[in-house]
Amino acid sequence: MDYITLLSRTSLFAGIAPQQISQLLEALHPVRRNYQKGDLLLQYGDTCSALGIVLSGRIEAWHPLPDGHRIPAAQMEPGGIFGDILAGSNQKSPVTVQMVAAGEVLFIPYSYLLAFSPVCAQAHTQLLQNLMKAISAKYFSLMDRLELLTLKSLRAKICAYLLHYAQQANADTFTVPYSRAAMAEYLACERSALSRELSRMQAEGLIETYKSSFKLLDKSGLEQACHC
């Protein structure tokens, strides 16, 4: 798949024809860069001058804590977008972004992204509208995360977490984007506690699980547990 086709499938370029994307990119002056596994794209506390789009490989973003632990923020595969919330704000990044699988990233400087281009006015207008929608979606995603973390019990948090991804996948069998260790960090609990609770839930016939894959066997039971 060429990268123009990939861009046309991202939320940022939704509704913009491939030919218009090519024309728009001439005005946006993007930069394509290759990275190896482990390379840092953005560090916590740095200012960010460009929006990034993953063309190949995989990245992860996390917020570092003073005790050395990390709070997972996102994992992205080709088509994923990062740095959009920081667009034009000149604020320091609240996360570190790192390559977890070698690949290529397209960077679009904010100075061109936010400067209206009269040459491709319609496409640029659509692009800016898409950017606002992406920022809004991440805001509501953050609110969902905060709501999850306010739940009283670990089981309630796990149930809400699994139901969220089942809804996203529109299926009772799905794979979550985090490893078991990262999932524990996401839910603000110890990995051992998470493993014990998942084992109990599996023994009770609520779920089946293997590594990052889950199958919900009793959704009504899970929904009830969210309120415990």
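In which helix is the place of Y139? Y139 lies in helix α4, which spans residues 121-149; helices (H or I, at least four residues) and strands (E, at least two) are DSSP runs numbered from the N terminus. The model is predicted, so that local features need pLDDT of at least 70 and side-chain atom pairs count only at pLDDT 80 or more, while totals for chains, interfaces and linings use all residues. Residues are numbered from 1 along each chain as its sequence is written, and side-chain values use heavy atoms, with hydrogens and water left out.

With a relative accessible area of 45%, Y139 is partly exposed (buried means under 20%, exposed over 50%, partly exposed in between, with a 1.4 Å probe and protein chains only).

An open sheet is formed by four strands in the order β2-β7-β4-β5, with antiparallel pairing; two strands pair if DSSP finds at least two bridges between them. Strands β2 (40-42) and β5 (70-76) stand at the edges with a single partner strand each, so one side of each is left without a neighbour in the sheet. Within the sheet, β4 (residues 58-64) pairs with β7 (residues 96-101) in the antiparallel sense over five bridges. The bridge partner of R58 in β7 is A101.

Positive phi values occur at two positions treated here. N170, a residue other than glycine, has a phi near 55 degrees; N170 is placed in the loop between α5 (154-169) and β9 (173-175) and is exposed, at 72% relative accessible area. K211, likewise not a glycine, has a positive phi of about 55 degrees. The loop between β10 (207-210) and β11 (213-216) contains K211, which counts as exposed at 61% relative accessibility.
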